[in-house]
Amino acid sequence: MRKEMLESTKPVDVERVKNDFPIMSRKVNGKRLVYLDNAATTQKPKVVIDALVDYYSRYNANVHRGVHQLSIEATETYENSRKKVAKFINSPSHQEVVFTRGTTESINLVKFAWGAKFVKEGDVILITLMEHHSNMVPWQLLAKEKGARLEYAPITSDGRIDMGEFERLLGLSPSLVAFTQCSNVLGTINDAEKLCTMAKKAGATTVVDAAQSVPHMPVDVQKIGCDFLCFSGHKMLGPTGIGAVYGRKELLNSMDPFQSGGDMIKEVHLDGARWNDIPYKFEAGTTNIADAIGLGVAVEYLSVLGMENVRRHEVELLRYAFEKMSRIPNLTIYGPMDLESRGGVVSFNLADIHPHDMASILDEEGVAIRSGHHCAQPLMEHLNIPGTSRASFYVYNSTSDIDAFIGALLKAKSVFCV
Amino acid sequence: MSSDFYRELILDYYRNPRNFGKLDPHDIDARDTNPLCGDEIEMQIRVSPGKDAIEEIKFIGKGCAISQASASMLTEMAKGKPLEWVKGLSRDDIQKMLGSSDLGPARIKCAMLSVKVLKMGVYGYLGAQHTEPSD
């Protein structure tokens, strides 16, 4: 199996890929752009940008309503995009993919449409300490609203979920277990399949935050066996303002609507309404048609590259970066150092250089990284640091980008005399 | 912004902040954070007997070199100044104090956090004083 996988892989041709991204030709502060802030958002290939222009130039119309030609074309392209996204995550049916504004709205949809109905007073909700605020604050609010108890699975010193504690907390029979498949700070790849199996055994409904995994590795919702899986388009070469939540059919059918209005109803009378079928029940109002179409094109682009190849490419970049970074004294890298259980995310601190100062100095060299708490303040408190600098990789990054990054790190080191 | 900004002087204020610590007793205590960066500044001020000037001022905080050096330099500058002086502090004053002509939109907030805290404290104090029935 493993051998077969290796044989079928073909390395990502970075220079070719880079040429597909118009932004890569721009200069920043007189330097070549080295974009290493991919965990925040990714750049867009020309095919995605063109798809938006094409929609607005040729067949802009509202979907699911009109009988005229433009509306028929818009509806067909929009629904095809849903099918592409469904296939990308191996959803059994495209009806189980609901378009949202992004991961945050996807998680909030689960909170409002599932949580509000099924979480009861005294229930336990289990999440982990490594969650992004978007997979933490909704559950804090839900727990407060319902009188439920929110528990956090702690993490080990090398940045993995403490499985002993996770198992112990499952003993409290949580009604909901939510966790990230890949940490946006530590890069830790959690074994989603294992965690879902354990959670299911304990009787919990499972929510996977896949914002950092779906863009970077093969993700198969059937293999994982999750109830919900949430992700964003803009972190996977797609436009901003579009994302999706996968939900198992029987759960989606059992839930009340998220928002209400047009398109999510079957019939409306003065004394009430009947909800539309899934997924439309959860897509009230005119949806983000153009960006959903753009996401479909992004998914196609990634599928042509092959997600296993994308993953291998990032592992190689990570290996190269780790090797170079390990030669810099006083540099601390957070999270697991084992490449196979780590996404292409490197959070670090160098001596007493504050992450914001680091990011400013790197910016001057054309190197874009992220700095701060990365929307994971409880994790920062746990690590007892104010924040980190974070470099994160994607398909258009090359080893020469990492060389530029290392060069800029050395400059910061000399500016701060450390 | 240019990395030339991180001159020896700024780094010295970052690593060895002047007027760092708590002030007891104090008349003014103000604190704010920059949620984007996580920078934190708290300032404590003792007002002069005439209730119109900054007699003593100290700060505690954590954050980037710009925010911490700015806070430390500002406390040095503010000591002995009339409370009214605080009201007139501008963005340009702070950039001049830091020796930079333009910090840029991303980092100016780091520099201005200390001014925001100082103004919050002084305005609050003056406001409270104005509503004193004994006045």
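Helices (H or I, at least four residues) and strands (E, at least two) are DSSP runs, numbered from the N terminus.

## About the model

This is a predicted model, in which local features need pLDDT of at least 70 and side-chain atom pairs count only at pLDDT 80 or more, while totals for chains, interfaces and linings use all residues. Residues are numbered from 1 along each chain as its sequence is written, and chains are lettered from A and ligands numbered from 1 in the order in which they are written.

Chain B has five helices and three strands, in the order α-β-β-β-α-α-α-α along the sequence. Its radius of gyration, taken over C-alpha atoms, is 15 Å, close to the 14 Å that the globule rule (2.2 Å times the number of residues to the power 0.38) gives for 135 residues, so chain B is as compact as a globular protein of that length.

The C-alpha trace of chain B spans about 50 × 25 × 25 Å along its principal axes.

## Where B meets A

Two residues are in contact if their C-beta atoms, placed from the backbone, lie within 7 Å. By that rule, 14 residues of chain B are in contact with 12 residues of chain A.

## Inside chain A

Chain A is assigned domain 1 (2-32 + 306-415) and domain 2 (49-304), with bounds that come from an automatic or database domain assignment. The C-alpha centres of these two domains lie 27 Å apart. Between them, 23 residues of domain 1 of chain A are in contact with 22 residues of domain 2 of chain A. On the domain 1 side, H12(A) gives the most, with five residues.
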